[in-house]
Amino acid sequence: MEGYRWKAAVVTLSDKGYAGEREDKSGPLICEMIEGSGYEVEKTVLLPDEKEEIKKCLCALCDKYGMDIIFTTGGTGFASRDCTPEATMEVAERNAPGIAEAMRLASFKVTSRAMLSRGVSVIRGKTLIINLPGSPKAVRENLEAVLPALDHGLAILTGRAGECAR
């Protein structure tokens with residue numbers, strides 16, 4: 001929506017990042033990319049791969065802070081501690097699968113490993129939550145695929161625009 005800056009949060013899920021053993025590069029990349037697309041990053045959070053903590057954080061960002069959109073990064077793979085999609089689905093009110101499908105499709109054109117991403121996209125209240133992978137390369141590929149369409153979806157979700165039939 002032209003001129004409006006969507007209220008965004010970026011949540012990084014990483015045991016090693018949380019413990020200070022690894023520098024998070026995906027979270028700052030998300031901030032850079034979305035700020036360049038007209039989003040206002042109001043909150044950044046770094047958490048370990050703990051499902052209950054992730055759920056509590058997502059609920060607070062949606063319900064207490066009224067974020068328009070939340071991007072998570074990390075915890076979407078096959079490792080036993082990867083629980084971001086499960087936490088996200090447990091706080092969801094509605095599924096928005098096309099976003100995650102579009103991201104996987106775009107990444108699959110670059111690497112067949114894209115099919116291993118379990119990230120989801122959902123709606124809670126008037127907030128869109130999108131799980132991104134943890135690698136900066138995959139974050140860039142995924143965001144480039146979906147950012148152009150998110151503005152319209154957020155305008156509809158938040159009531160700032162009516163649905164348009166083409």
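View 1. A residue is called buried here when its relative accessible area is under 20%. In this predicted model, seven of the 10 residues of α2 are buried by that cut-off, so the helix is largely enclosed by the rest of the structure. The buried residues are Ser26, Gly27, Leu29, Ile30, Cys31, Met33 and Ile34, and the elements against which they pack are the strands β1, β2, β3 and β6 together with helix α6.

**View 2. The largest nonpolar core.** This core holds 27 residues, of which Ile34, Leu128 and Leu150 touch the most other members. At least two of its residues come from each of β1 (6-13), α2 (26-35), β2 (39-47), β3 (69-73), α5 (97-108), β6 (127-132) and α6 (136-157), and the largest share, eight residues, is supplied by α6. Apart from residues up to four places away in sequence, Leu150 touches Tyr39, Ile69, Phe71, Ile99, Leu128 and Ile130.

**View 3. Val146 in helix α6.** Val146, which is found in helix α6, has a relative accessibility of 5% and therefore counts as buried. When neighbours within four places in sequence are left aside, the residues in contact with Val146 are Ile99, Ala102 and Met103. Val146 and Ala106 are separated by 40 residues in sequence, whereas their C-alpha atoms are 9.2 Å apart in space.

**View 4. Thr76 in the loop between β3 and α4.** Thr76 is found in the loop that runs between β3 and α4 (84-91), and because its relative accessibility is 5%, Thr76 counts as buried. With its neighbours within four places in sequence left aside, Thr76 is in contact with Asp82, Thr84 and Pro85, with Leu116, Ser117, Arg118 and Gly119, and with Asn131, Leu132 and Pro133.

**View 5. A nonpolar patch on the surface.** Phe78, Phe108, Met115 and Leu116 form this patch, and together they have about 450 Å² of accessible area. One of the four, Phe108, lies in helix α5; because its relative accessibility is 42%, Phe108 counts as partly exposed. Another member of the patch, Leu116, is also among the residues in contact with Thr76.

Methods. Residues are numbered from 1 along each chain as its sequence is written. This is a predicted model: local features need pLDDT of at least 70, side-chain atom pairs count only at pLDDT 80 or more; totals for chains, interfaces and linings use all residues. Side-chain values use heavy atoms; hydrogens and water are left out. A nonpolar core is a set of buried Ala, Val, Leu, Ile, Met, Phe, Trp, Tyr and Cys residues joined through side-chain atoms within 4.5 Å. Buried means under 20% relative accessible area, exposed over 50%, partly exposed in between (1.4 Å probe, protein chains only). Contact means heavy atoms within 4.5 Å. Patches are made of residues with over 30% relative accessible area and no salt bridge: like charges are joined within 9 Å, nonpolar side chains (Val, Leu, Ile, Met, Phe, Trp, Tyr) within 5 Å. Accessible areas come from the Shrake-Rupley method with a 1.4 Å probe; for residues, only the protein chains shown count as cover. A salt bridge is a side-chain nitrogen of Lys or Arg within 4 Å of a carboxyl oxygen of Asp or Glu.
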